[in-house]
Amino acid sequence: MKQLTKAEEEIMQILWDLGEGNVATILEQMPEPKPAYNTVSTIVRILETKEFVGYKKQGRGHIYFPLVAKSDYSSASMSKMVNDYFNGSFKSMVSFFVKKKEMTAGELESILKEINKKDD
C-alpha cells in the first residue's frame with residue numbers, strides 16, 4: 001500500500017470521520033490556518049490518483065469518499081514502521097517505547113491482556 005504524505009493523511013482522516021464530503025466540507029473540518037480551497041482540491045485529486053479516494057458526481061461538483069478503510073491503512077503503516085525502524089520486531093518496538101517512558105507498565109499489561117484474549 002502506498003504511503004501518504006502528512007497533508008494527504010490529514011484529509012483522509014477527515015474523510016474517514018465524515019464518510020464522504022466535497023472539498024468545501026473537508027476544508028471546514030481542517031484546523032486553522034486553513035489551506036486554500038485549491039490546495040485541498042489538488043490533494044484530493046492526488047488521493048484519487050493513488051486510489052485512496054473515489055467520487056460521485058453531485059450537480060456540478062463531486063462528493064469524495066474513502067476507498068481504503070482506516071484500519072487497513074493503519075495496519076499497513078504500522079507494519080511498515082515496525083519493518084523500517086525495528087527490523088520487523090514488535091518486541092523491539094514495544095521495548096523502545098517502554099525505555100523512552102512513553103508506555104507505562106499498566107499500558108503494557110493491558111496490551112498483554114488483549115494478546116491473551118486473542119489466544120483464547
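Both Phe-52 and Tyr-73 are buried, where buried denotes a relative accessible area under 20%, exposed one over 50%, and partly exposed a value in between (1.4 Å probe, protein chains only). The model is predicted: local features need pLDDT of at least 70 and side-chain atom pairs count only at pLDDT 80 or more, whereas totals for chains, interfaces and linings use all residues. Residues are numbered from 1 along each chain as its sequence is written, and side-chain values use heavy atoms, with hydrogens and water left out.

The structure holds five aromatic pairs. Rings of Phe, Tyr and Trp (its six-membered ring) are paired if their centres lie within 6.5 Å; planes under 30 degrees apart count as stacked, those over 60 as edge-to-face, and the rest as tilted. The ring centres of Phe-52 and Tyr-73 are 5.7 Å apart and their planes stand at 80 degrees, so this pair is edge-to-face. Phe-52 lies in the loop between helix 3 (37-49) and strand 1 (53-58), and Tyr-73 in helix 4 (residues 70-86); the pair therefore ties together parts that are 21 residues apart in sequence. Helices (H or I, at least four residues) and strands (E, at least two) are DSSP runs, numbered from the N terminus. Ring pairs also link Phe-52 and Tyr-73 with Trp-16 into a cluster.

Tyr-55 and Tyr-64 form a tilted aromatic pair, with 6.2 Å from centre to centre and 55 degrees between the planes. Tyr-55 is partly exposed, at a relative accessible area of 39%, whereas Tyr-64 is buried, at 7%.

Helix 3 has 13 residues and reaches 19 Å from its first C-alpha to its last, close to the 18 Å expected at 1.5 Å a residue; the expected span is 1.5 Å times one less than the number of residues. Its buried residues are Val-40, Ser-41, Ile-43, Val-44 and Leu-47. Seen down the axis of helix 3, these residues fall within an arc of 165 degrees, so they line one face of the helix; the arc is that of the directions from the helix axis to the C-beta atoms. The buried residues of helix 3 pack against helix 1 (6-18), helix 2 (23-29), strand 1 and strand 2 (61-66), contact being defined as heavy atoms within 4.5 Å. The face turned away from the buried side carries the exposed residues Asn-38 and Thr-49. Helix 3 is followed by Glu-51, whose phi is positive, near 65 degrees.
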